[in-house]
Amino acid sequence: MRNEAWKTNLLKYIIAIGAVTLISFAFVYFRQGNYFVALVEGITFIAMVGAFFLAQRGRYLQSAAIGWLGVFVVVTTLLVTGGIGGIGIVWWSLVPVISFIMFGTLGGAIATSFGVLVLVSVALLTGLGSTQFYFDAVEIRQVAILVTVLGSIMFYFEKISGNAREEALSKSKELEDSKRDLEFNVRELGKEKVTQDKVRKAIINILEDTKEIDTQLKVEKSNVENKVIERTKELAEEKVKLVASINSMSHAYVLVDLNGSVVLFNNKLIEYFGVKNNWTLDLIQENLGGKLDIKKMFLEVSGQLKNFFVNEVGVSGKYYDVHMSPINLEKNKIIGVLLMIGDITEEKMVERSRNEFFSIASHELRTPLTAIRGNTSMIKQMYADKLTDSDLSEMIDDIHDSSIRLIGIVNDFLNLSRLEMGKIEFKKESFDIAQLVNEVVAEVDDKNDAVEVTVKTPKPEQIFVVGDRDRTKEVAINLVGNAIKYSEKGEVKLTFEVINESVNVFVADQGKGIAAENQNLLFRKFQQAESSIITRDTTKSTGLGLYISKLLMDGMGGKVWLEKSMLGEGSVFAFSLPLAKR
Amino acid sequence: MAKILIVEDDPLMSRMYQKIFKFEGYDVVMAGDGEQGLEAAKKEKPTLILLDVMMPKMNGLQLLEKLKLDPDTKSTPVVMLTNLAGEKDAEVALTKGAVKYIVKSEYEPKQITDMVKSILAGYTRDELPK
C-alpha cells in the first residue's frame with residue numbers, strides 16, 4: 001500500500017510539473033507571437049490538468065489516457081508540421097512515465113510499445129535525412145536527460161519491486177519456517193500419537209481393571225448379600241426370641257406408637273382381659289375399670305417423658321399394677337410408649353393376709369401378755385405379805401418383766417407393720433416440745449438409778465412445733481430410753497436448739513458409743529449398731545426402735561439422726577420438727 | 001361405794017380386772033358381751049363403765065353409742081379398754097362420749113384403778129352424775 005501511495009504521489013507531481021511547464025511555455029509562445037504553438041501548449045496543459053485531477057481521485061487509467069491524448073496531439077502536430085522550433089519531442093517523455101505507472105498492466109504494455117514505435121519512427125525519419133522534420137539538438141539532449149531521469153526512476157521502482165520480491169522471498173522463507181513448524185508439529189503429533197497410544201493402552205488396562213473390579217464387586221456383593229441373609233436370619237431369630245420373651249413375660253406388654261395406637265402386645269394382655277378384635281388405649285382403660293386415665297398418662301409420658309407407676313388398680317376382685325414409660329432412642333427423643341400391666345392379685349392377697357396376720361397376732365398376743373403382766377403385778381401387790389421367799393418373788397418379777405418386754409416387742413411389730421403399710425395417719429398439731437420432753441423424761445427416768453437424766457431448759461421455755469404429739473413422744477421415749485439403756489452410768493442430757501424454722505432436740509449420753517463403721521447400720525430394720533448378729537444385745541431391744549423412730553419422723557415431716565458418736569465417749573442423737581407458725 | 005361395770009369378753013381380762021377392782025374396794029358387775037353390757041348398764045346403774053372394744057354380738061363402740069342414746073345411761077362415764085392401739089378407734093370412742101381410752105397392755109391393773117379413781121374424783125368434784 002505504501003508503494004501504491006508513493007506511485008500515486010509521483011505521478012501527481014510529474015503531471016503537475018508538466019502542466020505548469022506547459023502553461024508557462026504557452027504564455028511565452030503567445031508573447032512571441034507564435035499563437036499556434038501557444039494553442040498546442042494550452043490544449044496540452046488542459047489535458048494535463050484533467051489527468052492530474054483524475055490521478056488525484058485514484059482514476060489512473062483515465063488520467064493516463066488523457067495525458068496520452070495531450071501527447072498524441074503534440075506528436076501528431078509535430079509529425080504533421082515537421083516540428084516547431086524549441087518544442088516537440090520533450091512531451092514524448094511522458095510516455096515512459098505512463099508506462100511505468102501502468103507497469104504490469106495491458107495499458108502499460110500498449111503505452112510502452114507506442115512510445116518505442118514513435119521513437120523508432122522519429123529515429124528512422126531523422127536517420128533517412130528527412131528535412132521535413134526538424135529537431136533541435138538541444139531538444140534531443142533534453143529528451144535524453146528526461147529518459148535518463150525517468151530510467152533512473154524506473155530503476156528505482158524496479159528496486160522497490162525487487163524489495164517486493166525480497167519481501168516475497170522472505171515471505172517464502174516464512175512459509176518455509178511455517179512449513180518447518182508444521183513438520184515439527186506433525187512430529188510432535190506423532191509423539192502425541194505415541195502418548196495417545198499409551199493412553200489408549202492405559203484406558204484398555206483400566207477397562208480390564210474395571211472388569212476385574214466388577215468381578216470383585218460381584219463377589220463382594222454376593223458376600224454382602226450372604227451376610228444380609230445371615231443377618232436377616234439372625235434378626236429373625238432375635239425377633240423370635242424377643243417375641244417369645246415378651247410373650248413369656250409375667251406382665252402384659254403393650255407397645256404404643258406416638259399416635260397412641262397399639263403396635264404390639266403380648267399374650268398376657270389377652271390372658272388378663274380376653275381376646276379383643278382391636279386393642280386401643282381406651283379399651284385397656286375400660287378393662288382396668290375405667291378409673292385410671294390411661295390416655296392422660298400416655299399424653300404425659302409421650303409429651304413430657306414422664307414415667308408412671310400405679311401400684312394398685314383394683315378391678316372386680318383383681319389387682320393390677322400399671323407401668324408406663326417412654327421408649328427412648330436417644331436423649332429426649334422417643335419412638336413410642338411402653339405400657340406394662342401386672343396382675344398383682346396374688347401378692348395383694350399375700351400382703352393382706354400377712355398384714356392381717358400381723359395385726360391379729362399382735363392383738364391376740366397382747367391379751368394373754370397383758371393377763372400375765374397384770375396378774376403378776378397383782379400378785380406382787382395383793383399378796384406381798386405372802387411372798388416371803390425371795391426366789392419366788394424374783395421369779396414373779398421376771399415373769400412380769402418378760403411380759404413387759406414381750407409387749408414391747410409386739411407393739412414394735414404392730415407399729416412397724418402399720419407404718420410400713422402406711423396405715424398410720426399423722427396428726428398435724430401444735431404442741432410444746434419442751435413440755436413433751438420433760439414429760440418423757442419423767443416417765444422414763446426412774447428406771448435406772450445409775451444414770452442421771454437432765455433437761456436443759458430452753459429459751460424461750462416453750463417451743464411450739466408442728467407434728468403428731470403422741471408419735472413424737474414415741475420417738476423421744478425411744479431416744480431417751482436408748483440413751484439410758486446403753487449407758488452404764490453417767491448423764492443423759494437433753495438440749496434444744498432453734499435453727500431456721502425448726503427445732504432440734506439433742507439427746508447426749510456418756511455411754512459406750514458407736515464405732516464409726518457401725519454408725520450406718522443405725523435407723524435400719526432389725527439393726528443394732530453391733531457388727532455381728534451374735535453379739536446383739538437382745539435384752540435391750542429388737543433393733544426396731546430407731547427404724548420406727550425414723551419412719552415416724554419421716555411421716556410427720558421431721559428428722560431423726562445421729563449427731564455424733566465416739567467409742568467410749570458416748571453418742572448424741574437428735575430429732576427435729578418444724579416450728580409452729582404464730 | 002362406786003359400782004363399776006366391766007364389759008369384757010375375754011375371761012383372762014375380765015377376771016383380772018374383777019380382782020383388782022374388788023381389791024381396790026369397788027362394787028364390780030361383770031358382763032361377757034355387748035348385749036349383756038347394755039342390760040347390766042340399765043339394771044345395775046353403775047357409777048362407771050369399763051368397756052372393751054372387740055366383743056362378740058355387739059362391740060364396744062356400738063354399745064357406747066346405745067348407752068349415750070339412752071337417757072338412763074347417757075351420763076354414766078365410760079372408759080374404753082382395748083388392746084387395739086389404733087388412733088382412729090380412740091378418736092371415734094371419744095367423739096361418741098367416752099371419757100378416756102386405755103390400752104390394756106400399756107398399764108398395770110393398779111394404774112387402771114388409779115385412773116378410774118381420778119376420773120370418778122373429777123366427776124364427784126365438778127359434775128357428779130345425777
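Colleague: At the start of α2(B), which residue has a side-chain oxygen that reaches the backbone nitrogen of B:Glu35?

Modeller: Keep in mind that this is a predicted model. The helix in question, α2 of chain B, covers residues 34–44. At its start, the backbone nitrogen of B:Glu35 has a side-chain oxygen within 3.0 Å, and that oxygen belongs to B:Asp33.

Colleague: And what does B:Asp33 pair with in a salt bridge?

Modeller: B:Asp33 sits in the loop between β2 and α2 of chain B, and its partner is 24 residues away, in the loop between β3 and α3. B:Asp33 counts as buried because its relative accessible area is 7%, under the 20% cut-off. The N to O distance is 3.7 Å, and the partner is B:Lys57.

Colleague: Which residues of helix α2 of chain B are buried?

Modeller: Look at what packs over them: the cover includes the strands β1 (3–7), β2 (27–31) and β3 (48–52), along with helix α3 (60–69), of chain B. Past the end of the helix comes B:Lys45, with a positive phi near 50°. Within α2(B), the buried ones are B:Gly34, B:Gly37, B:Leu38, B:Ala40 and B:Ala41.

Colleague: Moving on to the two chains together, what area is buried between chain A and chain B?

Modeller: The contact draws 22 residues from chain A and 25 residues from chain B. Carbon and sulfur atoms give 54% of the buried area. The predictor gives the complex an ipTM of 0.85 and a pTM of 0.49. The area itself is about 2000 Å².

Colleague: Which side chains form the salt bridge between chain A and chain B?

Modeller: The count between the chains is one salt bridge, with a distance of 3.3 Å, N to O. On the chain A side the residue counts as buried because its relative accessibility is 9%, and on the chain B side the residue is buried too, with a relative accessible area of 13%. The two side chains are those of B:Glu108 and A:Arg373.

Colleague: Which element gives the largest share of the side of chain A that touches chain B?

Modeller: Between the chains there are six residue pairs in polar contact, both at pLDDT 80 or more. On chain A, the elements giving two or more residues to that side are α10 (345–382), α11 (390–420) and α13 (469–485). By class, that side has six nonpolar, nine polar and seven charged residues. The largest share, 13 residues, comes from α10(A).

Colleague: Within chain A, is A:Glu300 buried or exposed?

Modeller: The side chain of A:Glu300 meets that of A:Lys306 in a salt bridge at 3.1 Å, N to O. A:Lys306 is at 35% relative accessibility, so A:Lys306 counts as partly exposed. A:Glu300 is at 18%, so A:Glu300 counts as buried.

Colleague: Last one: where in chain B does pLDDT stay under 50?

Modeller: Chain B averages a pLDDT of 86, and 91% of its residues score at least 70. Among its elements, β1(B) has the highest confidence, at 94, while helix α4 (residues 87–95) has the lowest, at a mean of 77. Where pLDDT is low, the predicted coordinates should not be read in detail. The stretch that stays under 50, for which the model has four contacts beyond four places in sequence, is residues 126–130 of chain B.

Note on methods: Residues are numbered from 1 along each chain as its sequence is written. Chains are lettered from A and ligands numbered from 1 in the order in which they are written. Side-chain values use heavy atoms; hydrogens and water are left out. Buried means under 20% relative accessible area, exposed over 50%, partly exposed in between (1.4 Å probe, protein chains only). Helices (H or I, at least four residues) and strands (E, at least two) are DSSP runs, numbered from the N terminus. Contact means heavy atoms within 4.5 Å. A polar contact is a pair of N or O atoms within 3.5 Å; within protein, one must be able to donate a hydrogen and the other to accept it, and residues adjacent in sequence count only if both atoms are side-chain atoms. Buried area is the accessible area (1.4 Å probe) that two parts lose on being put together, summed over both. A salt bridge is a side-chain nitrogen of Lys or Arg within 4 Å of a carboxyl oxygen of Asp or Glu. Ala, Val, Leu, Ile, Met, Phe, Trp, Tyr, Cys and Pro count as nonpolar, Asp, Glu, Lys and Arg as charged, and the others, Gly among them, as polar. pLDDT is the predictor's confidence in each residue, from 0 to 100.
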